[in-house]
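Subject: Two-chain model, handover and findings

Hello,

Please find the structure below, followed by notes on what came out of it. The notes take each chain in turn and then the contact between them.

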Amino acid sequence: MKQKFKRSFNELQNIVTMTESVFRKHGLDPNLRNVVDLATEELFVNMVTYNTESNEDILIHMGPHEHGIEVSLTDYNVERFDPRSASGVDVNAPLDERTPGGLGLYLVLKMVDSIHYEYRNRQSKITFIIDRK
Amino acid sequence: MMFEIEFANDGIVAVDGRLDAAQAVKAQAFLDQVEGKCVIDLAKLEYISSAGLGVLLKTHKRIMGSGSGIKLINVNHHIHDIFRYSGFDKLFEIVPANN
């Protein structure tokens, strides 16, 4: 299933609706939902927040992958940014040194099983797989 | 899908639904009014993203500045996983849900 979403946080509700539909259609393990929702939101929010030059919708594609799910997000008219190169977060730092910045991508990289990045013709495509027996 | 945050009768802050980037402003506006020790009941929180974590972190730091802090109760295992990956289990007093 694929669907385009406007560059707005208000689309998060519609993305969840799409995810619910994919899980129901393919009988996917509901225990994967939270990680799928988290990774999809964090990557979508990152695109909306940091690519302010584009007016184009963001394309999300979801489908089954062996024992789990594969999700890709494609952004258009965008500079290259490979989320795998995001700087880490010191999750052991004391409270007064902690800031929320960077936590979203950190969680994505920690919680998905694999993540891939493609950049071509100013199109940025991030694909992650959550595949657990 | 919705998100609600309110004071329960016992003064505990009760949240319900999904705390995502679209709802973080609402949660922050509510928690900005809280002074002193704050207990938040997460029994009905279905989901939290980094935006929601940011709200908790900002509020916790502000309240800690006056010598108190946030206690999170009835935390289900999905939410607890997020807290653990984030290192929040070392920053907050967390009471897991019974089931």
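What share of the contacts in chain A with a separation of 6 or more comes from residues 24 or more positions apart? The figure is 65%. Please bear in mind throughout that this is a predicted model.

Chain A

The secondary structure of chain A consists of three helices and five strands. Read from the N terminus, these elements follow the order β-α-α-β-β-α-β-β. Chain A has a radius of gyration of 15 Å, close to the 14 Å given by the globule rule for 133 residues, so chain A is as compact as a globular protein of that length. Along the principal axes, the C-alpha atoms of chain A occupy a box of roughly 45 × 35 × 25 Å. Of the 133 residues in chain A, 31% are buried.

Chain B

Chain B also has its elements listed here: three helices and five strands. Their order from the N terminus is β-β-α-β-α-β-α-β. For 99 residues, a compact globule would have a radius of gyration near 13 Å, and the 12 Å of chain B agrees with that. The box filled by the C-alpha atoms of chain B is roughly 30 × 25 × 25 Å, again taken along the principal axes. Buried residues account for 36% of the 99 residues in chain B. As for contacts in chain B with a separation of 6 or more, 60% are between residues 24 or more positions apart.

Contact between the chains

How many residues of chain B are in contact with chain A? There are 20, and they meet 21 residues of chain A. On the chain B side, helix H2 (50-64) and helix H3 (77-86) each supply at least two of the residues that touch chain A. H2(B) gives the most to this side, with seven residues. Sorted by class, the side of chain B that touches chain A has ten nonpolar, seven polar and three charged residues.

The interface is described here by residue counts. In general, the size of an interface is often given as the accessible area lost when the parts come together.

To look at the contact in the structure, H2(B) is one place to begin, as the element that gives the most residues to the side of chain B touching chain A.

Regards

Technical notes
Residues are numbered from 1 along each chain as its sequence is written. Chains are lettered from A and ligands numbered from 1 in the order in which they are written. This is a predicted model: local features need pLDDT of at least 70, side-chain atom pairs count only at pLDDT 80 or more; totals for chains, interfaces and linings use all residues. Two residues are in contact if their C-beta atoms, placed from the backbone, lie within 7 Å. Helices (H or I, at least four residues) and strands (E, at least two) are DSSP runs, numbered from the N terminus. Ala, Val, Leu, Ile, Met, Phe, Trp, Tyr, Cys and Pro count as nonpolar, Asp, Glu, Lys and Arg as charged, and the others, Gly among them, as polar. The radius of gyration is taken over C-alpha atoms; the globule rule is 2.2 Å times the number of residues to the power 0.38. A residue is buried if 20 or more other C-beta atoms lie within 10 Å of its own, exposed if 12 or fewer, and partly exposed in between; C-beta atoms are placed from the backbone.
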